[in-house]
Structure formats: structure tokens, C-alpha cells
Amino acid sequence: MKLRILFVDDEPHVLQGLQRMLRGMRDVWEIATAASGPEALDLLSRKPVDVVVTDMRMPGMDGNQLLQEIKNRYPEIVRIILSGQSDREMVLKSVRPAHQYLSKPCRDEILKSTIERSCGLRDLLADNSLKRLISRLDSLPSQPALYLEILRELESPYSSMHRIGEIISQDLGMTAKILQLVNSAFFGFRRHISSPAEAAELLGLETIKALVLSVKIFSQLDKAGMKVFAVDRIWAHSLATGVFAKTIATAEKQERTVIDDAFMAGLLHDAGKLILAANLPQQYKEALVAARNKGSSDLEEEQRAFRVTHAEVGAYLLALWGLPFPIVEAIAFHHSPSQCPHQELGILTAVHVGSALELLLHHEKDADSQLDRKYLAELEILHKLPEWQALYRQTLEEGPDHDA
Ligand SMILES: [Fe+2]
Ligand SMILES: [Fe+2]
């Protein structure tokens, strides 16, 4: 089925330019245009689309208002802003309703890859209500202690950029959000960035202050009623998996970007658990209780309740947010690495092994069944597990340098 995309801009020559630029995509994309927010909404009420790409500054309803409206009425639609750099202030205000941001003029390969990346996983979730719920999320809840710490740091007259980077890189919610921003083409950083400290540095103190203190891009988890999910353990396991994955990638002499991505994917791999706990607590709780009572695995019960597991849930959100594809892929397949189309030692391997061994170390439920030994045997690395475990222990003793 063709991907349906709606472009909204009050300047006719911009729409004509886009149509010319995308002529080659006619076989795979169906393109519609609208000259204003109300015209776009009218069109949407008559015809569904998959993606909306809108200008920011338009007379009457601006891009921010339009996306807010679309988010309320049709949350499953991917929302992208395509705006001039002079509108930076406005764009910063609109980071909540938008999934991704592009800057005008936009090269065709960037436009194409942004749209493709955000829709790459649209068939991953069978359940439409789950899709709508995830598309509506604009943050992943942070650990309350770290959330308070970053507010304190930003409000202080002596805020330190280094410290801010450090706090962000310990929290998966903050990390995911910051990576969403810096990896969008709007800010003009060409390479893909997967270190939260570097991301914070690039955005700069003033932008981070505005985003966190006034736009409120971060949120904290309300822990009431969350006991059953052991969220503190999810957070600790996430950070530990990041460190473990980085240790493995380093030991295997992977490139610097792979090592950074391995840490990031490890930190983010169980984001789906937080999404489910924070947004569908009742259903998720029932699934976990059923697993305990029946002696089945949590993954089986997640599958039964949501028709997917937390792996796909997390990957779906982070793909919508435009995180680098290797990270999204590692998250999507971290419990089923054999099913990944790319069978090679890399980020996914590091995260899969890191997560499973960390659970084993803590004698967690289902831990042993989580390690896919056949996958590791096929990559001829099964014999390396003891070596990686020893290196990880050594890293912990030395103290993890996870914000490097
Ligand atoms: Fe997991
Ligand atoms: Fe895990």
C-alpha cells in the first residue's frame, strides 16, 4: 500500500517545489497538499493520511496549532514540522506535538529518509489502539530523583553542562527525548549523535533550559501504584545493560559509533516496559500477575495482552521520534535477535547479551530463557560469554564511565 503524505504550506511555490522534488516517489507515495491548517483538517476528515508535514508560520492556524489538533483527532498520523531556521523560537515551542522537525530548504534525501524512518515500523504493531496511544506520547517518564536533580541544576546560576550531560545519560526518558531533538535535521547537526552528553553540548545551555523549564519536554513518573512493575529495577537494569553492551562492543573492537550506539540502545532497550507501566498500568499489571500465577514468561503474557511485547512497543515510539535506525532495530529485536534481518555481531548482539546476562546476574525471573544461545552459536561467539562477564565485572569495579 502506498504511503499517504499531506504537505501543508501557505506558500504555493513551496508546495510546488515539494511536488517536483518528490515526483520520483510517485510509485510508493501518494501526495496531497493543503494551503492552510483548516484546509488540511478538512482534507483529513475526508481522507486518511499516514504522515503530515507542515510549515510553522501560517496565517490563522499555525503549524503548532494544526499538529496539536491532529494529535487530538488523529493521533496515529506521523507529525513532522518543516520550517525555516528563523522560526527556531516557534519550533522550540512546538516540540511537543511534533514527532520530527526538518528545516527549510530541505534536501530531498533528508526529507525522504525522515519520512521513511518514521514510518519504517508502522506495521510492527497489530493493535491500532496501541499505535494511537504511542503516537500521542511526547515524553517517557523520568526517574523522579534525576528529574529533580536536572531541574535544580538548570535553575542554578552555576549550571554545569558536564553535570547536565551526566544526569541525562543516566535516565532513559531524558536520553530518548534529547536524542529525538538532536537527530532531527532541524538543528542541522549532520552526523548521527548517540551520546547524550554530546547532544546536550550541541544544543547548548540556553536551549536546554528553555526546553526543560518552559516547554517541559521531560516528565517524571508518578510512582503511586507502580510497585508491581519494579520501576527502580527497570531503570537500574537499563543503565546496567547500557554499560554491559558498551563493554561487549568495546571488547569486540567495534567502531566508536557502534560502541556509543550500543550503550544508548542498552539504556533504551526496555523503554516499552515504562510505556506500558505508565500508560496501560491495569492491563500490564494483569499480564505480569498472570505470568507469575501460571508460571509462564512475562513476554508470553505481554504478547497475549497486547499482541506484541515491550520490545516492539519501545522500538515503535523511538522510530517515530527518528532515533538512529541501528538503535531502533536493536531495541525491536532484543528478545528475538535471530529474527533480525541483519545477522552479524553488532549493537543488537551487545544489547541482547548485555540484558540477558545482567538479568542472570540478578537471578531474575525468566533470565535463563532470555539468552538465545543458538543465535550466539551461529555467530560463533557463544564461547565468549565468560570473557564478557568478567570484563563487565571489572568495569563495575572501576566505576562505569557511561557518559563518555
Ligand atoms: Fe526487554
Ligand atoms: Fe532487558
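Colleague: At what angle do helix α18 and helix α19 pack?
Modeller: This is a predicted model. Two packed helices are described by the angle between their axes and the distance between the axes. Helix α18 covers residues 325-332 and helix α19 covers residues 347-361. Their axes lie 9 Å apart, and the crossing angle is about 40°.

Colleague: Is the crossing of α18 and α19 left-handed or right-handed?
Modeller: The residues that meet in this crossing are Pro-326, Ile-327, Glu-329 and Ala-330 from α18, with Ile-347, Leu-348 and Val-351 from α19. The crossing of α18 and α19 is right-handed.

Colleague: How many residues of the contact of α18 with α19 are nonpolar?
Modeller: On the α19 side the contact holds Ile-347, Leu-348 and Val-351. The contact has 1 charged residue and no polar ones. The number of nonpolar residues is 6.

Colleague: Which residues touch the most other members of the largest nonpolar core?
Modeller: Ile-327, a residue of the contact between α18 and α19, is also among those asked for. The core has 107 residues. Those that touch the most other members are Ala-262, Ala-265, Leu-268, Ala-271, Leu-318, Ile-327 and Ile-331.

Colleague: What is the radius of gyration of the protein?
Modeller: The protein has 21 helices and 5 strands. For 404 residues the globule rule gives 22 Å, and the protein comes close to that, so it is as compact as a globular protein of that length. The radius of gyration is 21 Å.

Colleague: What share of the contacts with a separation of 6 or more is between residues 24 or more positions apart?
Modeller: The C-alpha trace spans about 65 × 50 × 45 Å along its principal axes. Buried residues make up 44% of the 404 residues. The share of contacts asked for is 68%.

Colleague: Which residues does a cis peptide bond join?
Modeller: Most peptide bonds are trans. In the cis bond here, omega is about -5°. The bond joins Lys-104 and Pro-105.

Colleague: Is Lys-253 buried or exposed?
Modeller: Lys-253 lies in the loop between α12 (231-251) and α13 (256-268). Its phi is near 55°, a positive value in a residue other than glycine. Because Lys-253 has 8 C-beta neighbours inside 10 Å, and 12 or fewer is the cut-off, it counts as exposed.

Colleague: What is the phi of His-363?
Modeller: Most residues other than glycine have a negative phi. His-363 is found in the loop between α19 and α20 (373-378), and with 8 C-beta neighbours inside 10 Å it counts as exposed. Its phi is positive, near 50°.

Colleague: How far apart in space are His-342 and Leu-179?
Modeller: His-342 is found in the loop between α18 and α19. It has 11 C-beta neighbours inside 10 Å and so counts as exposed. His-342 and Leu-179 are 163 residues apart in sequence, and their C-alpha to C-alpha distance is 24 Å.

Terms used
Residues are numbered from 1 along each chain as its sequence is written. Chains are lettered from A and ligands numbered from 1 in the order in which they are written. This is a predicted model: local features need pLDDT of at least 70, side-chain atom pairs count only at pLDDT 80 or more; totals for chains, interfaces and linings use all residues. Axes are lines fitted to C-alpha atoms, for helices over the stretch in contact, and angles run from 0 to 180 degrees between N-to-C directions. Helices (H or I, at least four residues) and strands (E, at least two) are DSSP runs, numbered from the N terminus. A crossing is left-handed if the near helix is turned anticlockwise from the far one by less than a right angle, and right-handed if clockwise. Two residues are in contact if their C-beta atoms, placed from the backbone, lie within 7 Å. Ala, Val, Leu, Ile, Met, Phe, Trp, Tyr, Cys and Pro count as nonpolar, Asp, Glu, Lys and Arg as charged, and the others, Gly among them, as polar. A nonpolar core is a set of buried Ala, Val, Leu, Ile, Met, Phe, Trp, Tyr and Cys residues joined through C-beta atoms within 7 Å. A residue is buried if 20 or more other C-beta atoms lie within 10 Å of its own, exposed if 12 or fewer, and partly exposed in between; C-beta atoms are placed from the backbone. The radius of gyration is taken over C-alpha atoms; the globule rule is 2.2 Å times the number of residues to the power 0.38.
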